[in-house]
Amino acid sequence: MAINLPDLPYGKDALTPYIGATTLEFHHGKHHRAYVDNANKLLAGTALENTTPEEIIRKTAGDPAQTAIFNNVAQAWNHAFYWRGIKPNGGGPPTGTIAGKIAATWGGYDKFVEEFKNAGVTQFGSGWAWLVLEGGTLKIVKTGNADNPLTKGMKPLLTIDVWEHAYYLDYQNRRPDYLATFIDKLINWDFVNANLDR
Ligand code: MN3
């Protein structure tokens with residue numbers, strides 16, 4: 001099997017009340033699992049079957065004949081990355097190397113918060129907001145549907161899923177509240193720092 005469904009790195013109740021157990025059950029157990037299952041069905045018997053997810057994403061991006069593979073593999077990758085970017089008792093101002101880089105790039109944490117939130121709020125419809133490195137420079141970008149910054153040569157550091165299935169049970173239509181809570185209470189800055197060093 002080319003694509004795996006990783007276990008959540010915390011219990012289903014661990015992010016309550018910010019992301020509830022029911023959201024995690026459906027988001028990880030149904031949505032993420034469906035992307036993984038579909039990806040493996042589509043990849044079976046193809047030349048991409050034994051390729052890494054990152055390579056599959058780069059090779060199939062923008063190819064109309066490979067849209068279904070791209071969408072499912074990228075969504076599997078995006079979700080695995082999203083789960084690791086949050087943790088219980090996370091969020092708030094960053095620690096480690098990323099703290100200095102954010103201060104140097106945006107002049108302070110507050111401006112970073114404003115820009116990251118803005119990217120998530122203004123992603124029209126389904127998609128993702130990302131903190132990335134592009135050629136050594138920190139950037140905030142947004143992508144639609146399954147799209148992923150790996151396809152543009154960027155290095156993802158952190159992402160937030162802004163598909164409605166990520167927040168609707170806990171926040172209904174209040175996407176800005178979900179973004180604010182993600183930033184204040186959930187970001188795993190250790191994961192971001194580890195990605196910087198990779
Ligand atoms: Mn999702």
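Which helices and strands each supply at least two residues of the lining of the largest pocket? They are α2 (53–60), α3, β3 and α8 (189–197); helices (H or I, at least four residues) and strands (E, at least two) are DSSP runs, numbered from the N terminus. The model is predicted: local features need pLDDT of at least 70, side-chain atom pairs count only at pLDDT 80 or more, and totals for chains, interfaces and linings use all residues. Residues are numbered from 1 along each chain as its sequence is written, and side-chain values use heavy atoms, without hydrogens and water.

**Sheet**
- Three strands form an open sheet in the order β2-β1-β3, with antiparallel pairing (two strands pair if DSSP finds at least two bridges between them).
- β2 (137–144) and β3 (155–161) are at the edges with a single partner strand each, so one side of each has no neighbour in the sheet.
- Strand β1 (residues 127–134) is joined to β2 by 8 bridges, and L133 stands opposite L138 in β2.

**Helix on the sheet**
- Helix α3 (residues 67–84) packs on the sheet and touches β1 and β3 (contact means heavy atoms within 4.5 Å).

**Largest pocket**
- The lining of the largest pocket has 15 nonpolar, 2 polar and 6 charged residues (Ala, Val, Leu, Ile, Met, Phe, Trp, Tyr, Cys and Pro count as nonpolar, Asp, Glu, Lys and Arg as charged, and the others, Gly among them, as polar).

Technical notes
Axes are lines fitted to C-alpha atoms, for helices over the stretch in contact, and angles run from 0 to 180 degrees between N-to-C directions.
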